Amino acid sequence: MSICKVDKESFQSEVLESEKPVVVDFWAAWCSPCMMIAQVLEEIADEFEGKVKFAKVNVVQNQELAAQFGVRAIPTLAIFKRGELVDKLVGATPKTALLNWISNVA
């Protein structure tokens, strides 16, 4: 399962209108904790395939989306359900903590 890349044009359809909960990774290419968490998210995306959708937003290219959802530090993970932001997690987080967070919130 791949993690889809979204921008301000596709955010509405890919995230806010999704039937499934969506975990959005707000990241930037220069951010090393973002790169570490990206690998973990790829593994987690496979485990939640069919239940939870995963998306990435590059904050450098999509500053207005980052501002809209209060992203002040990266990586920031956000879970959206039925078009609403339900929870955020800031910083690189171990895989077990991410699995628990997604299971509990999504």
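The following legends describe close-up views of a predicted model.

**View 1. Crossing of helices H2 and H4.** Helix H2 spans residues 32–47 and helix H4 spans residues 95–105. Their axes come within 10 Å and cross at roughly 45 degrees; H2 and H4 are therefore oblique to each other. The crossing of the two helices is right-handed.

**View 2. Residues at the contact of H2 with H4.** On the H2 side, the contact comprises Ile-37, Val-40, Glu-43, Ile-44 and Glu-47. These residues meet Lys-95, Leu-98, Leu-99 and Ile-102 of H4. By class, six of the contact residues are nonpolar and three are charged, while none is polar.

**View 3. The disulfide of Cys-31 and Cys-34.** One disulfide is present in the structure. Cys-31 and Cys-34 form this link, with their sulfur atoms 2.3 Å apart. The link is right-handed, with 80 degrees about the S-S bond. Cys-31 has a relative accessibility of 4% and therefore counts as buried, the cut-off being under 20% relative accessible area. Cys-34 is likewise buried, because its relative accessible area is 1%.

**View 4. Cys-4, a cysteine in no disulfide.** Cys-4 takes part in no disulfide. The nearest cysteine sulfur to that of Cys-4 belongs to Cys-34 and is 17 Å away, whereas a disulfide requires cysteine sulfur atoms within 2.5 Å. With a relative accessible area of 22%, Cys-4 is partly exposed, since this class lies between the limits of under 20% for buried and over 50% for exposed.

Terms used. Residues are numbered from 1 along each chain as its sequence is written. This is a predicted model: local features need pLDDT of at least 70, side-chain atom pairs count only at pLDDT 80 or more; totals for chains, interfaces and linings use all residues. Side-chain values use heavy atoms; hydrogens and water are left out. Axes are lines fitted to C-alpha atoms, for helices over the stretch in contact, and angles run from 0 to 180 degrees between N-to-C directions. Helices (H or I, at least four residues) and strands (E, at least two) are DSSP runs, numbered from the N terminus. Angles under 35 degrees count as roughly parallel, over 145 as roughly antiparallel, 65 to 115 as roughly perpendicular and the rest as oblique. A crossing is left-handed if the near helix is turned anticlockwise from the far one by less than a right angle, and right-handed if clockwise. Contact means heavy atoms within 4.5 Å. Ala, Val, Leu, Ile, Met, Phe, Trp, Tyr, Cys and Pro count as nonpolar, Asp, Glu, Lys and Arg as charged, and the others, Gly among them, as polar. Buried means under 20% relative accessible area, exposed over 50%, partly exposed in between (1.4 Å probe, protein chains only).
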